[in-house]
Amino acid sequence: MLVDNQGKRFMNEGLLCDYPMSYGEEPTLRHSPYYAIVDQEYVDKMRDEGLYEYLTKRGANHDNWFIGSYYKQRGALKSLDSDLEEGIHEGWIVKADTLEELAKKTGFDHLTGTVASYNSYCEKGEDEQFGANPWYLSSVKQGPFYAIECEVSAWSTFGGVKTDDECRALAEDDQVIPGMYVVGTDNGSMMYSPYYDIPGFCYGSCIGSGVIAGHGASAYAKA
């Protein structure tokens, strides 16, 4: 379950898992930093089974969960206990024996009410608030409980260097900077976000721009 800094749930968590950039990015940007609220049972399952095994037991499969193969490769999170302890020590994870204590430690005034509503959706197998798939509905009941601070991150530069159609870097006056070429996701004229819903787009643009810039750089060096 994901909540904002008031302890209110703000999105379908499954969309962040399945479509982190296209559907998960906007709500998490608006509510960043946001917080994952989990209980000890969920932590134990992630450590011993991993997300893929956990969710396939709950109804996710190859036909209805397209991104599952990615999580299958990751497997169980064997170092999760030590990772949690590190986060607690560094201050971006809060641990408490009860939800009331967790709400007090974090200052999330609406946390207990939000968890109560969320747990009712889990019992029904239907998310009446945001419509998350039932296999993503994991109740938050068994202490201790954790609030894990999260912030939006990406794997490339947003608003990278402006270029022309030959991948040559442009100055603020749109004049070519001699000998400078920009490729891949750092090319701000091709990429304004790291990933798209079109499979292969990111890799294709990286390869294509590299070829274009390579030919240009070679010709420039020989000139």
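D174 is partly exposed, with a relative accessible area of 40%, where partly exposed covers the range between buried (under 20% relative accessible area) and exposed (over 50%), computed with a 1.4 Å probe and protein chains only. This is a predicted model, in which local features need pLDDT of at least 70 and side-chain atom pairs count only at pLDDT 80 or more, while totals for chains, interfaces and linings use all residues. Residues are numbered from 1 along each chain as its sequence is written, and side-chain values use heavy atoms, with hydrogens and water left out.

**Salt bridges**

- D174 pairs with K162 in a salt bridge whose closest N and O atoms are 2.8 Å apart, a salt bridge being a side-chain nitrogen of Lys or Arg within 4 Å of a carboxyl oxygen of Asp or Glu.
- Because K162 lies in the loop between β4 and β5 (168-170) and D174 in the loop between β5 and β6 (176-181), the pair ties together parts that are twelve residues apart in sequence; K162 is itself partly exposed, at 43% relative accessibility.
- Salt bridges that share partners join D44, R47, D48 and D81 into one network, and a search of the whole structure finds 15 salt bridges.
- R9 and D127 form another salt bridge, with their closest N and O atoms 2.6 Å apart.
- Since R9 belongs to the loop between β1 and α1 (13-18) and D127 to the loop between α8 and β4, this pair ties together parts that are 118 residues apart in sequence.
- R9 is buried, with a relative accessible area of 6%, and D127 likewise counts as buried at 6% relative accessibility.
- E128 forms a salt bridge with K124, for which the closest N and O atoms are 3.0 Å apart; E128 counts as partly exposed at 47% relative accessibility, whereas K124 is exposed, with a relative accessible area of 51%.

**Helix α8**

- Helix α8 comprises the 14 residues 111-124, which at 1.5 Å a residue should span 20 Å, and its end C-alpha atoms are 20 Å apart, which agrees; the expected span is 1.5 Å times one less than the number of residues, and helices (H or I, at least four residues) and strands (E, at least two) are DSSP runs numbered from the N terminus.
- The buried residues of α8 are L111, T114, V115, Y118, N119, Y121 and C122.
- Seen down the axis of α8, these buried residues fall within an arc of 155°, so they line one face of the helix, the arc being that of the directions from the helix axis to the C-beta atoms.
- On the other side of α8, E123 and K124 are exposed.
- The cover over the buried residues of α8 includes β1 (2-3), β2 (34-39) and α7 (99-106), with contact meaning heavy atoms within 4.5 Å.
- Just after α8, G125 takes a positive phi of about 75°.

**Helix α7**

- In α7, the residues L99, L102 and A103 are buried.
- Viewed down the axis of α7, its buried residues fall within an arc of 100°, so they line one face of the helix.
- E100 and K104 are exposed on the other side of α7.
- What covers the buried residues of α7 includes β2, β3 (93-96), α8 and β4 (145-150).
- G107, which follows α7, has a positive phi near 80°.

**Helix α9**

- V211 lies in helix α9 (residues 201-222) and counts as partly exposed at 45% relative accessibility.
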